[in-house]
Structure formats: structure tokens, C-alpha cells
Amino acid sequence: MIQQAFRGKRCLITGGLGFIGSNLAFRLVDLGADVVIVDSLVPEYGGNMANVHGLADHVRINIADVRDQHSLQYLVQGQDYLFNLAGQVSHIDSMENPFNDLDINCRAQLSILEACRHNNPAIKIVFASTRQIYGRPDYVPVDEQHLLHPTDVNGINKMAGEWYHILYNNVYGIRACALRMTNTYGPRMLVRHARQTALGWFVRQALDDEVISIYGDGEQQRDYTYVDDAVEAFLLAAINPAADGQVFNLGGPEPISHLQLISTLTEVAGTGSYRLVPFPPEKARIDIGSVYSDYRRIQAVLGWQPTTSLRQGLEHTVSFYRDFREAYW
């Protein structure tokens, strides 16, 4: 179904020079789509021209900020699909600079939807939401019926951004859905600092043969989605009308403890080690304990499930950064 669905279709990716957006762009070009990438190229948020190395001649790249309403009104015109991945994802940064997070994850999302409502109401939007909006779980695995009680500013704003999309689907007929992502990893993720993804930083530390600090007792469990599996979910959600107005959890093959994760990573890399350390106060305040997702709903409705094991995903990831280290360190 996916193989023919995007041929000749016009696809706009906000945050397209970032981790997931760039991997999605590669896949869409392979499928014959006409791809436009929009990104502000703010280094701290993961935008990196190296992410589209070998692809730049096959896509159009527009350096613009999703907070710029005038640019958005032009860019959404004529597009068949909008993959909305633009956002500020650092939980620590959201607590230190909450108004910036509000602008990007809340107000800008409303601007995107208004641009579509007035300039291209026929577009289909897939929004990158996050499992973080559930907060500290009342039960695991977390399903879509779980109460939303985020533990940080980022989670609150992402929750609002998600529901703006669902509201515009329900009230204005702007076809939109949201994918609640969980610990996505793989090639092209930001590894320059630890403020965006813990696993990306762990990969860097392992390849630098450093000691990785694991907070607490290391028994906290998470699930991890390899980026190719996440991309598949975006494509399926875009082309399937059954996704309209819906929210779906993504997830990984199985939950795994932090200790198991780091042990597998250092084994795959052949370098690095780890130690247990107490939680820093700023992280302890927003820690959510063990949490992993129930993805049975998207499996039933769209036929999606993760297919890449953690070990396979880490092998691909480690190999990528060994080959392209200079562009990411």
C-alpha cells in the first residue's frame, strides 16, 4: 500500500532537518514523493544539514521558523501531506525557558493549523506527539485511555499542541492525527549534548569509551522505537483515513531496563562502561519512573508494529556514527 501511495505526492516536513524528519525525507524520496523540508536549523534542536547528506539535490529545503506565520501560509499551499515534526523536545530546557517552549510547541502549532485552514484545508497532517504527556504512569503498559498528567512544561505544551490538531480535525475538517512517540533512536539523532535524547548521549559516550552514568538503581524500564519503524507509522497514518482524528501510541518490541540497555549498547559498541549514580535534583523532579507503551491500537487500526529489535537498531546506529562521526560530534 505504501509503495504506490506517495508517488508524485507533495509532502511538507516541518523539522525536516532533524532526526526523525530527515529519516522520513529519505523514505519519501525513495517512494517517489515531492518533498519540501522546513527547518529553523537551531543547532540545539537537532537540525543538521549533514542529516540530508546525499539527499539535498532531491528535496527543496526552506530555512524558516514555524513561528513565522507568513512563511507557513505560503509553504502549506498545494501540499498533500504535512508531517509536523517541528518542536522543542528538551524537558530540562522547557523548565528553564518555559515561554520559548510555549511558543514552539503550542502557539506555533496553532499557527500551522490556521495556515492550513485558510490556505489548504484538504491537507492531511500527522503530528509528532510524545508519550511524555502521560507523565508518571498510573499503570503500565500505558494505553491511549490513560489519564494525561505531564510532569514538565514540555509535556503540557506538547499535550496542547496534540489536541489543537485533533480539535481542528473535529471542528474544521482538517484531517489530522497524532502519534505519541516513545524513545525513538537511530541514525541522525542529536548526540552533541544530552538535553534532547538520553540514548543519543549514551551512544556518544560508548563510542568515546567513557563511563555512562545510570541514575538510581538502573531498573527503570522503557521501550525504544527504532527510527525506521517510527517512519513507517507516519506513512501509514498519513494515507489511512481511519487515522483521522485519532491518537496512537508507538512503542518498542519489549520494555527493557536502563541497565539492560547500556549493557547491550556497550556490548554492541565494544567500548564504554557504566556506573550507578544518584539522581540529580533537577532530573529527579521530573523523572517518571518505569514507563512503556501499549501499541495495540495502532496495530489493530493501521497494521503497524515495531519490527527492529533493540540489538539490531543499536548495531545500525553505532555503525552510522562510526562512519559519520565528524558531522555529529
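Strand 4 (residues 81-84) pairs with strand 5 in the parallel sense over four bridges. The model is predicted. Strand 5 also runs parallel to strand 6, and six bridges join the two.

- Strand 5 spans residues 124-130, while strand 6 covers 176-181.
- Why is strand 5 described as largely enclosed by the rest of the structure? Seven of its seven residues are buried, so the strand is largely enclosed.
- Burial applies to both faces of strand 5. K124, V126, A128 and T130 are buried on one side, and I125, F127 and S129 are buried on the other.

**Nonpolar cores**

- The largest nonpolar core has 68 residues. Within this core, F6, L28, F83, L179 and F234 have the most contacts.
- Helix 8 (residues 227-239) gives the most to this core, contributing ten residues.
- With neighbours within four places in sequence set aside, F234 is in contact with I20, L24, F83, L85, V126, F127, A128, L179 and M181.

**The loop at G47**

- G47 is located in the loop between strand 2 (34-39) and strand 3 (60-63).
- Is G47 buried or exposed? Its relative accessibility is 12%, and buried means under 20%, so G47 counts as buried.
- Not counting residues up to four places away in sequence, G47 touches L17, G18, D39, L41 and V42.
- G47 and L190 are 143 residues apart along the chain, yet their C-alpha atoms are separated by 8.4 Å.

**Backbone geometry in other loops**

- The peptide bond from V140 to P141 is cis, with omega near -5 degrees. P141 is placed in the loop between strand 5 and helix 6.
- N183 has a positive phi, near 50 degrees, and is a residue other than glycine. N183 sits in the loop between strand 6 and strand 7 (184-185).
- The relative accessible area of N183 is 28%, so this residue is partly exposed.
- R188 is not a glycine either, and has a positive phi of about 80 degrees. The loop holding R188 runs between strand 7 and helix 7 (198-207).
- R188 counts as buried because its relative accessibility is 16%, under the 20% cut-off.

**Nonpolar surface patch**

- Which residues form a nonpolar patch on the surface? They are L167, V171 and Y172, with about 280 Å² of accessible area together.
- Y172 belongs to helix 6 (residues 153-172).
- Y172 has 41% relative accessibility and therefore counts as partly exposed.

Conventions:
Residues are numbered from 1 along each chain as its sequence is written. This is a predicted model: local features need pLDDT of at least 70, side-chain atom pairs count only at pLDDT 80 or more; totals for chains, interfaces and linings use all residues. Side-chain values use heavy atoms; hydrogens and water are left out. Patches are made of residues with over 30% relative accessible area and no salt bridge: like charges are joined within 9 Å, nonpolar side chains (Val, Leu, Ile, Met, Phe, Trp, Tyr) within 5 Å. Accessible areas come from the Shrake-Rupley method with a 1.4 Å probe; for residues, only the protein chains shown count as cover. A salt bridge is a side-chain nitrogen of Lys or Arg within 4 Å of a carboxyl oxygen of Asp or Glu. Buried means under 20% relative accessible area, exposed over 50%, partly exposed in between (1.4 Å probe, protein chains only). Contact means heavy atoms within 4.5 Å. A nonpolar core is a set of buried Ala, Val, Leu, Ile, Met, Phe, Trp, Tyr and Cys residues joined through side-chain atoms within 4.5 Å. Two strands pair if DSSP finds at least two bridges between them.
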